[in-house]
Amino acid sequence: MKTITIVGLGYVGLPVACLCAEKGNKVYGLDVDKSKIELVNKNQSPIDDEYLISKLKNLKKGISATANPAECIPNSDVIIVCVPTPVDRNNSPDLTALMESVSAVSKFIRQGTLLVIESTIYPGTIEEIAVPILKKQKFDAYKNDIFVAHCPERIDPGNRKWNVENLPRVVGGVTKEAGKKAAEFYRSIIDAEVVELSSVKAAEATKIMENTFRDVNIAFVNEMAQSFDRAGIDVIEVIKGASTKPFAFMPHYPGAGVGGHCISIDPYYLIEKAKQLGFNHRFLMLAREINSSMPHYTVELLENEMRKLKKTIKGAKVGVLGIAYKANVDDIRESPAFEIINILKTKGADVFVFDPHVGKGSNVKDMNELLNKSDYIILATDHIEFKNMDLSLLKKNRVLAVIDGRNCLDKEKIKEMGILYHGIGRG
Ligand code: SAJ
């Protein structure tokens with residue numbers, strides 16, 4: 001049994017904290033957000049995520065959440081940092097939370113502690129940032145005063161199949177011993193393969209590669225969707241066709257944009273770092289450009305359909321279904337829906353917004369009110385409630401056109417009702 005502190009009780013830290021507690025460890029949660037601390041101390045989840053809600057509720061030994069590092073760090077054998085690593089307005093990495101956390105921890109950490117960073121960072125971050133902060137407190141990570149390692153997080157909010165317990169992980173240490181210690185620790189809490197890489201940089205680069213891979217593949221299908229659309233080809237059918245090939249093809253899907261705190265951000269971590277090393281990631285930049293242009297493209301699709309009705313967007317009543325960045329989550333970070341809403345408003349449309357998963361942000365009370373008030377619909381998030389909606393409501397509410405930003409509605413049914421329909425790459 002170990003004493004473990006998880007720094008950062010968010011989408012990443014909370015699942016790890018629950019898992020450590022379930023395995024019989026004494027677990028502290030260190031966070032700056034008092035409301036989170038209060039909820040976690042009552043075994044309640046600050047995040048609307050079924051997995052977390054049930055895990056926290058059923059914990060025999062709860063997580064002791066605190067804002068004070070002095071209460072938890074000195075007696076911790078393992079410290080896991082899971083704080084956000086966003087980008088700033090210029091898409092440059094913002095490591096403020098990481099630096100502040102490591103600095104706070106360094107003032108109370110005990111010699112011989114295992115310090116693992118799970119937050120997504122660019123290759124080199126731990127040795128350039130975390131190690132010097134520890135050095136200031138006279139801890140030399142290269143001499144294993146503190147065992148420092150990276151184990152990139154792989155939490156996928158809302159994923160019912162893969163979770164923190166059964167997902168394979170990679171680890172890399174500042175020293176071999178640190179890497180070994182980290183691997184041993186993760187093998188003690190997860191039922192999946194833990195791969196030890198040769199260095200902390202290799203581990204930092206792994207996560208960036210995984211998520212950049214996804215971003216460029218999404219950009220690829222977003223570009224194919226726009227090209228095929230001009231040719232009257234349904235890209236979803238083509239992706240289905242290509243997916244029959246049992247090797248060398250991996251389906252991704254076009255959409256109204258790429259949101260979330262991983263895929264839309266991680267590539268910039270690598271782009272910026274590589275720039276410092278004199279390398280220009282043209283391909284990654286282009287993929288980011290394509291994905292960031294999808295909200296505009298989605299609004300253009302609406303204008304094209306309105307043109308057929310001899311209508312313009314100024315003063316048009318447009319309903320946006322969905323704010324969250326992906327289906328069935330309450331997370332709105334980097335959501336393309338906000339970009340779509342801003343573009344519509346800039347063009348002079350009256351915009352109604354509804355998302356059943358996101359507490360704040362809707363400006364109508366339910367879908368019926370949105371449909372009643374809107375002449376045009378843009379679906380931005382493929383929540384289950386929208387996928388299963390009664391399409392006849394569109395007709396009843398005299399909706400004129402639907403732009404299906406996640407290609408999740410029955411286009412034939414909508415067209416049969418005499419309503420204009422366009423998806424992303426799906427005419
Ligand atoms: N999206 C597309 N087309 C796709 C897939 C996603 O447009 O084919 C959009 C989504 O709508 C969303 C954004 O991209 O706006 C990100 O979606 P995501 O499914 O990648 O969800 P995330 O951001 O939660 O990504 C996480 C990542 N996991 C970690 O970083 C640990 C990512 O590596 C996973 O691949 C992804 O979950 C997953 O596979 O679900």
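This is a predicted model: local features need pLDDT of at least 70, side-chain atom pairs count only at pLDDT 80 or more; totals for chains, interfaces and linings use all residues.
The protein chain contains 17 helices and 13 strands. Its radius of gyration is 24 Å, close to the 22 Å given by the globule rule for 427 residues, so the chain is as compact as a globular protein of that length. Along the principal axes, the C-alpha atoms of the protein chain occupy a box of roughly 70 × 50 × 40 Å. Buried residues make up 55% of the 427 residues in the protein chain. When contacts between residues at least 6 apart in sequence are considered, 70% of them join residues at least 24 apart. The protein chain has an accessible surface of about 19,400 Å², and carbon and sulfur atoms contribute 54% of that surface.

Charged side chains comprise 57 positive and 54 negative groups in the protein chain. The centres of the two sets are 1 Å apart. The count of salt bridges, taken as a side-chain nitrogen of Lys or Arg within 4 Å of a carboxyl oxygen of Asp or Glu, comes to 26.

Glu 128 and Lys 273 form a salt bridge in which the closest N and O atoms are 2.7 Å apart. Glu 128 belongs to helix α6 (residues 125-136) and Lys 273 to helix α10 (residues 266-276), so this pair ties together parts that are 145 residues apart in sequence. Glu 128 has a relative accessibility of 41% and counts as partly exposed, whereas Lys 273 is buried, with a relative accessible area of 8%.

A salt bridge also joins the side chains of Arg 288 and Asp 215, with an N to O distance of 2.7 Å. This pair links distant parts of the chain, with Arg 288 in helix α11 (residues 282-292) and Asp 215 in helix α8 (residues 200-230), 73 residues apart. Arg 288 is buried at a relative accessible area of 5%, and Asp 215 is buried at 1%. Both values fall under the 20% limit that defines a buried residue.

Between strands, the side chains of Lys 317 and Asp 350 meet in a salt bridge with an N to O distance of 3.5 Å. Lys 317 is located in strand β9 (residues 317-321) and Asp 350 in strand β10 (residues 350-354), so the pair ties together parts 33 residues apart in sequence. Lys 317 is partly exposed, with a relative accessible area of 33%, and Asp 350 is likewise partly exposed, at 36% relative accessibility.

Tyr 268 is buried, with a relative accessible area of 10%. With neighbours within four places in sequence left aside, Tyr 268 is in contact with Val 87, Asn 91, Pro 93, Arg 288 and Ser 292. Of these contacts, Pro 93 is 175 residues from Tyr 268 in sequence, yet the two C-alpha atoms are 7.1 Å apart in space. Arg 288, another residue in contact with Tyr 268, is the residue that forms the salt bridge with Asp 215.

Terms used
Residues are numbered from 1 along each chain as its sequence is written. Side-chain values use heavy atoms; hydrogens and water are left out. Helices (H or I, at least four residues) and strands (E, at least two) are DSSP runs, numbered from the N terminus. The radius of gyration is taken over C-alpha atoms; the globule rule is 2.2 Å times the number of residues to the power 0.38. Buried means under 20% relative accessible area, exposed over 50%, partly exposed in between (1.4 Å probe, protein chains only). Contact means heavy atoms within 4.5 Å. Accessible areas come from the Shrake-Rupley method with a 1.4 Å probe; for residues, only the protein chains shown count as cover. Lys and Arg count as positive and Asp and Glu as negative; His and the chain ends are not counted. The place of a charge is taken as NZ of Lys, CZ of Arg, CG of Asp or CD of Glu.
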